[in-house]
Amino acid sequence: MSQFDDVGGIYTMYVDKLEFLLKGDPEFDIGGTKRTVIRGAGDGKIHGCKVEKVNSRISGTTTNTSELDIEALRETKDATITLYCPNGKVVSFPHCSFTGDPTVSGAEGEVSFEFQGDKATEIMS
């Protein structure tokens with residue numbers, strides 16, 4: 001690894017192998033195991049953790065082009081989302097469904113998106 005990695009820059013995203021135009025930088029959580037600390041009410045000490053499984057999630061904005069079918073976007077389910085990151089990582093989000101509200105902003109032609117699915121896999125470069 002070099003002293004300085006490229007950690008910011010251009011992301012490329014695909015939904016079922018079709019390129020999905022990103023207008024803004026995506027935000028994502030790979031999902032998996034989430035722990036919440038549990039404290040005793042009387043003694044204030046940590047007694048352990050609550051463990052739960054959380055979905056992977058990826059969200060951001062795309063451009064409202066003439067080819068973007070917003071209704072079809074909202075109906076997306078069981079898709080594989082693939083995100084290519086500027087640091088060389090590839091993140092694969094399996095079995096995703098569109099879970100957000102595809103809100104359209106007319107000022108800059110933006111459409112918000114959010115997908116959730118099974119735990120994502122990071123493939124290191």
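**Pocket, core and salt bridges in a predicted model**

The largest pocket has a volume of about 400 Å³. The model is a predicted one, in which local features need pLDDT of at least 70, side-chain atom pairs count only at pLDDT 80 or more, and totals for chains, interfaces and linings use all residues. Residues are numbered from 1 along each chain as its sequence is written, and side-chain values use heavy atoms, with hydrogens and water left out.

A pocket is defined on a 1 Å grid over the protein atoms alone, as an open set of points where a 1.4 Å probe fits, with protein on both sides within 12 Å along at least five of seven lines. Lining residues have an atom within 4 Å of a point. Grid points are joined across faces, edges and corners, and the volume is the space filled by probe spheres set on the points. Of the 18 residues that line the largest pocket, Val 15, Leu 18, Glu 19, Phe 20 and Leu 68 are the closest to its centre. The lining comprises nine nonpolar, four polar and five charged residues. Here Ala, Val, Leu, Ile, Met, Phe, Trp, Tyr, Cys and Pro count as nonpolar, Asp, Glu, Lys and Arg as charged, and the others, Gly among them, as polar. S2, strand S6 (56-63) and H1 each supply at least two lining residues. S2 gives the most, with three. Helices (H or I, at least four residues) and strands (E, at least two) are DSSP runs, numbered from the N terminus.

The largest nonpolar core has 17 residues. Such a core is a set of buried Ala, Val, Leu, Ile, Met, Phe, Trp, Tyr and Cys residues joined through side-chain atoms within 4.5 Å. Buried means under 20% relative accessible area, exposed over 50%, and partly exposed in between (1.4 Å probe, protein chains only). Met 13, Val 15, Ile 58, Ile 81, Leu 83, Phe 93 and Phe 115 have the most contacts inside the core. Strand S1 (12-15), strand S7 (79-84), S8 and S10 each give two or more residues to this core. S8 gives the most, with four. Beyond its neighbours within four places in sequence, Ile 58 is in contact (heavy atoms within 4.5 Å) with residues including Met 13, Pro 26, Phe 28, Ile 81 and Phe 115.

The structure holds four salt bridges, each a side-chain nitrogen of Lys or Arg within 4 Å of a carboxyl oxygen of Asp or Glu. One of them joins Glu 108 and Lys 23, with the closest N and O atoms 2.9 Å apart. These residues are 85 apart in the chain, Glu 108 in the loop between strand S9 (104-105) and strand S10 (110-117), Lys 23 in the loop between strand S2 (18-20) and strand S3 (27-29). Lys 23 also meets Glu 110 at 3.3 Å, N to O. Glu 110 is in strand S10, so this pair ties together parts that are 87 residues apart in sequence. Glu 108 is exposed at 53%, whereas Lys 23 is partly exposed at 33%.

Asp 101 and Arg 74 form another salt bridge, at 3.7 Å between the closest N and O atoms. Asp 101 lies in the loop between strand S8 (90-98) and S9, and Arg 74 in helix H1 (residues 70-74).
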